[in-house]
Amino acid sequence: MEQAGKRMRVLMLNGSWNPDGSTKAGLDVMAEAFAAEGVEPEIVATGGKPIADCIACGKCAGLKRCVFDGDAVNEFAAKARTADGFVFGSPVYYAHPSGRIQSFLDRLFFSTMNADRYAALRHKPCASIVVARRAGTSASFDVLNKYAGISQMIVVGSTYWNEFHAQTKDDVQGDPEGLQTLRNLARNMVYVMKCLKAGREAGVLPPQQGEEIYTNFVR
Ligand SMILES: Cc1cc2nc3c(=O)[nH]c(=O)nc-3n(C[C@H](O)[C@H](O)[C@H](O)COP(=O)(O)O)c2cc1C
């Protein structure tokens, strides 16, 4: 049951090793736009230590969480249950998202799928943002959006693909169109979250899940 008057919350993931670099600067721009609309933002850092890869052990099916406890993946999954929206932010490394955000999201999505078919994430708005000095942004953006596409999340768009350009956080202000894209993205996410809340309050619920069909292309 939804608490009346509860502030909506957005969980934002910083996929850079650097807790205070360009990615964080972009997430801060969005956080400010969320706060201005009355939505509570929380930025979760992945920096500090290496992030383990998913080792496909499948233990998450029994544990209902990832078997690795030494980083923020399980903490993020727990917070996700009560969050209303998500932003995944990454620097571009060799034209792909950082290795650490891919490891983080592989484990977050695999463990939440095995726990309860992505219950903490599905039918909630999601956006990814990417920052690069120069190139590889749209390829990286595509990779991050695919996590949302397989888990019934609602991908929100902006006035350009969600990218901005900077080598360090000091460059971020030099890309006004990129910053405008981030602000418009945050406002569009708030709009979608409000529509979903109004829908829930009016009795519009996500569709029932039919029987799951799962086949490999191997006979
Ligand atoms: C290993 C590595 C690979 C990178 N590859 C790219 C790249 O393919 N394209 C690009 O434009 N910038 C690339 N960059 C630059 C970063 O994307 C850029 O400096 C970004 O602002 C860093 O964000 P952060 O401060 O949040 O970590 C790369 C940086 C590193 C360290």
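How many positive and negative side chains does the chain have, and how far apart do the centres of the two sets lie? The chain has 25 positive and 23 negative side chains, with the two centres 4 Å apart. Lys and Arg are counted as positive and Asp and Glu as negative, while His and the chain ends are not counted; each charge is placed at NZ of Lys, CZ of Arg, CG of Asp or CD of Glu.

The views show a predicted model, in which local features need pLDDT of at least 70, side-chain atom pairs count only at pLDDT 80 or more, and totals for chains, interfaces and linings use all residues. Residues are numbered from 1 along each chain as its sequence is written, and side-chain values use heavy atoms, with hydrogens and water left out.

**Figure 1. Overall fold of the chain.** The secondary structure comprises six helices and seven strands, in the order β-α-β-α-α-β-β-α-β-α-β-β-α from the N terminus. Helices (H or I, at least four residues) and strands (E, at least two) are DSSP runs, numbered from the N terminus. The C-alpha trace spans about 50 × 40 × 35 Å along its principal axes. The radius of gyration of the chain is 17 Å, which agrees with the value near 17 Å for a compact globule of 219 residues; this radius is taken over C-alpha atoms, and the globule rule is 2.2 Å times the number of residues to the power 0.38. Of the 219 residues, 46% count as buried, where buried means under 20% relative accessible area, exposed over 50%, and partly exposed in between (1.4 Å probe, protein chains only). The chain exposes about 11700 Å², of which carbon and sulfur atoms supply 54%; the areas come from the Shrake-Rupley method with a 1.4 Å probe, and for residues only the protein chains shown count as cover. Among contacts (heavy atoms within 4.5 Å) with a separation of 6 or more, 78% join residues 24 or more positions apart.

Figure 2. Gly-203, with a positive phi near 90°, follows the helix.

Figure 3. Arg-9 belongs to strand 1 and counts as buried because its relative accessibility is 15%. Leaving aside neighbours within four places in sequence, Arg-9 is in contact with Val-39, Glu-40, Glu-42, Lys-79, Thr-82, Ala-83, Asp-84 and Gly-85. Thr-23 lies in helix 1 and is buried at 4% relative accessibility. Residues up to four places away in sequence not counted, the contacts of Thr-23 include Asn-14, Gly-89, Pro-91, Val-131 and Phe-164.

Figure 4. Most residues other than glycine have a negative phi. Lys-64, however, has a positive phi near 65°. Lys-64 is located in the loop between helix 2 (60-63) and helix 3 (73-80), and its relative accessible area of 48% makes it partly exposed. Ala-95 likewise is not a glycine, yet has a positive phi of about 65°. The loop between strand 3 and strand 4 (96-97) holds Ala-95, which is partly exposed at 41% relative accessibility. Although Ala-95 and Ala-139 are 44 residues apart in sequence, their C-alpha atoms are 6.4 Å apart. Beyond residues up to four places away in sequence, Ala-95 touches Gly-136, Ala-139 and Ser-140.

**Figure 5. Surroundings of Val-155.** Val-155 is part of strand 6 (residues 154-155) and, at 45% relative accessibility, counts as partly exposed. Not counting residues up to four places away in sequence, Val-155 touches Cys-126, Asn-145 and Ala-148. The C-alpha atoms of Val-155 and Asn-145, 10 residues apart along the chain, are separated by 7.3 Å.
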